[in-house]
Amino acid sequence: MSTAVSQTWYMTQRQLMVFVRQPAYAIITLIQPVIWLFLFGNLFKEVVELGGFGTTSYLDYLVPGVVVMSALSSNMWAGMTTLDEIQRGTLNRFLTTPVSRAALMNGNVVNNGLVTALQSVIIVLLGLLGGADYPGGIGGIAVLVLASVLLGTVFGALSNALGMLVRERESIIGINTFLLLPLTFLSSAFMAPSQMPSWMRHIADFNPLNWAMVAGRSAMSADPDRGVVLGRGGALLALAVAAVWLSIRTFRSYQRSV
Amino acid sequence: MNTRAPAIEARQLIKTYPGDATALSGMDLAVEPGTVFGLLGPNGSGKSTTVKILTTLARPDSGSATVAGHDVLRHPDRVRRAIGVVAQSSGADPVATGRENLRLQGRLYGLKGAALDRRVDELLDRFTLTDAARRQAKGYSGGMRRRLDVALGLVHRPEVLFLDEPTTGLDPQARTAMWDEIGRLAGEECLTILLTTHYLEEADRLAERIAVVDRGRIVVEGTPDSLKGELRGDAVHLELREAVQDAGRTLLTGALRGLPGVHEVLVDGRRVSVRADDGGAAVPALLAALERAGVGVATATVARPSLDDVYLRYAGRRYAEVDGADGLTLAGGVR
């Protein structure tokens with residue numbers, strides 16, 4: 001294993017340990033989506049009769065929405081962890097060792113990706129338990145999980161960059177609270193695009209959250225559209241790479257301010 | 001005398017933080033290999049900024065520095081391999097055990113396998129953490145955590161160790177234990193240690209050479225004894241019943257300075273600090289002079305020169321005042 005890869009793995013292990021050894025945190029991360037699934041599943045049950053959902057069961061439609069929304073809401077807090085590490089002195093300790101800056105940030109990315117994947121699979125399984133149907137099979141589910149991991153990476157990396165730049169909890173809390181619901185409702189999370197007002201639909205086209213949902217839903221349908229899956233998935237990948245690059249760059253500006 | 005190149009050398013370091021006052025205003029530093037060098041100064045004097053630059057964490061606006069022969073700006077990676085850093089908050093992972101913390105730190109320097117195991121066991125043993133090795137660091141006492149921090153800085157056997165305020169926040173017992181440990185470190189392994197502290201007593205006890213830092217630069221440097229020796233005679237501190245204002249202050253300073261055997265006089269509010277050849281003999285004359293001036297005296301103390309006096313002399317301020325509310329500093333430093 002090359003140094004950069006092994007260092008990334010050490011950093012990932014370190015973070016996974018936090019997830020595993022703090023069961024309360026792990027359970028909350030995993031339980032919150034269940035509540036969404038249950039609440040929205042019951043609240044909007046009948047809306048599927050309006051048509052345009054591509055299914056007769058609202059749960060089928062809802063599962064990818066909740067998977068992606070949960071990927072967003074758990075990753076957008078990544079900056080809080082980084083902030084903790086700055087305040088505790090952990091980040092500075094690592095920065096004075098020969099560890100590569102990319103490994104530091106990528107450890108975060110891989111850890112968040114693994115947690116997001118686990119969370120996504122659990123939601124999909126819970127959906128199955130509740131009677132949801134996934135005609136796209138395992139392949140479709142894998143695309144959904146991958147798309148949600150990419151989306152999580154985008155927002156996780158941005159949140160980390162924000163944490164290092166502003167170094168205030170309040171800013172992260174403020175921005176997250178401001179973004180979570182609008183981003184979710186300006187997407188096809190709960191409502192079929194054909195039922196949305198046209199201006200909302202146009203905004204949703206530019207919403208990365210929506211890209212992940214569209215790609216996932218298409219892959220999970222009986223008749224996946226490769227163009228849609230690859231197009232949206234590719235855009236998410238490009239965005240994720242850009243966000244991670246940006247967050248690694250942020251180390252420099254952080255170091256100017258220490 | 002050691003003829004080798006300095007283990008740490010800084011030339012004219014200048015650093016200004018955005019929106020802040022200047023942190024470093026021309027820091028020059030040279031530390032001989034294998035010695036303990038103390039940077040002494042109150043909070044905000046520039047000690048920590050200096051350490052951050054020397055440990056490649058921050059970049060100076062101008063100036064240059066080498067550590068273990070490597071340029072901190074041009075070859076930060078080489079510097080990082082040669083140094084161990086124990087910062088004020090070293091941030092051991094609270095969720096990880098002591099052993100896991102040490103193992104990870106070792107791996108970052110490329111240690112692995114049996115060599116890593118051996119080194120970790122050795123450090124756990126040396127810092128009496130073997131019994132706590134399997135416990136998460138969040139359950140450690142302040143002293144244990146600090147010992148773990150120092151052990152983390154030593155995993156890869158660095159040439160130069162930076163200890164940034166190693167005993168701040170420790171109870172007296174843990175502090176004494178840490179001093180003993182640092183003293184042992186200094187004796188072994190031909191390690192160069194740069195120690196920053198705002199405890200005068202700590203610098204006096206541990207460092208072979210001391211530099212007093214004030215407002216981002218070094219105001220005086222030397223061995224603790226030579227610094228104290230440069231101060232002639234004893235320090236006499238008088239506390240007045242009432243503060244003396246501007247005109248009275250000049251008058252009083254002049255009157256006291258004229259007394260035989262009295263060298264330096266500093267009147268500051270209710271405090272009068274005097275340097276005298278023989279403190280005991282000067283007190284009656286001082287009291288008489290103050291009585292003539294109509295100024296009541298509450299207390300008078302005579303002290304042998306301490307680093308506190310060194311600071312007062314070269315920084316022109318009393319140490320405890322600059323350092324704010326930290327009463328321990330003065331208590332630890334005056335005598």
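User: Which strands of chain B does helix α1 lie across?

Analyst: This is a predicted model. In it, α1 (residues 47-54) of chain B lies across β3, β7, β8 and β9 of chain B. The helix runs at about 150° to β7(B).

User: And what does α5(B) touch on the sheet?

Analyst: α5(B) packs on the sheet and touches β6 and β7 of chain B. Its direction makes about 165° with that of β6(B).

User: What is the strand order in the open sheet of chain B?

Analyst: The order is β6-β7-β8-β3-β9-β10. That is 6 strands, with mixed pairing.

User: Which strands stand at the edges?

Analyst: β6 (83-86) and β10 (217-222) of chain B. Each has a single partner strand, so one side of each is left without a neighbour in the sheet.

User: How many degrees are neighbouring strands turned against each other?

Analyst: On average 15°, with direction ignored.

User: Back to β3(B) and β8(B). Parallel or antiparallel?

Analyst: Parallel. Strand β3 covers residues 36-40 of chain B, strand β8 covers 192-197, and 5 bridges join them. One bridge pairs B:V36 with B:I193 in β8(B).

User: Let's zoom in on B:I83. Where does it lie?

Analyst: In strand β6 of chain B.

User: Is B:I83 buried or exposed, and why?

Analyst: Buried, because 27 other C-beta atoms lie within 10 Å of B:I83, and 20 or more is the cut-off for that label.

User: What does B:I83 touch, leaving out residues up to four places away in sequence?

Analyst: In chain B, B:I83 touches B:T55, B:V67, B:A68, B:P158, B:V160 and B:F162. Its contacts also include A:T96, in chain A. B:I83 and B:F162 are 79 residues apart in sequence, yet their C-alpha atoms are 7.5 Å apart in space.

User: Over to chain A. How many residues of α3(A) are buried?

Analyst: 18 of the 18, so α3(A) is largely enclosed by the rest of the structure. The helix covers residues 58-75 of chain A. From first C-alpha to last it reaches 26 Å, close to the 26 Å expected at 1.5 Å a residue.

User: New topic: β1(B). Which strands does β1(B) pair with?

Analyst: Its partners include β4 (residues 62-67) of chain B, joined to β1 (residues 8-16) by 5 bridges and running antiparallel. There B:E9 stands opposite B:T66. β1(B) also pairs with β2 (residues 22-31) of chain B, in the antiparallel sense over 7 bridges. In that pairing, B:I8 has B:V31 as its bridge partner.

User: Backbone check. What is phi at B:T128?

Analyst: About 40°, a positive value although B:T128 is not a glycine. The residue lies in the loop between α4 (113-126) and α5 (142-154) of chain B. B:T128 is partly exposed, with 13 other C-beta atoms within 10 Å.

User: What about phi of B:R157?

Analyst: Near 50°, also positive in a residue other than glycine. B:R157 is found in the loop between α5 and β7 (160-164) of chain B.

User: Why does B:R157 count as exposed?

Analyst: Because B:R157 has 11 C-beta neighbours inside 10 Å, and 12 or fewer counts as exposed.

Technical notes
Residues numbered from 1 in each chain as written. Chains lettered and ligands numbered in written order. Predicted model: local features only at pLDDT ≥ 70, side-chain atom pairs only at ≥ 80, totals over all residues. Helix = DSSP H or I, 4+ residues; strand = E, 2+ residues; numbered from the N terminus. Pairing = 2+ DSSP bridges. Axes fitted to C-alpha atoms, helices over the stretch in contact; angles between N-to-C directions. Contact = placed C-beta atoms within 7 Å. Expected span 1.5 Å × (residues − 1).
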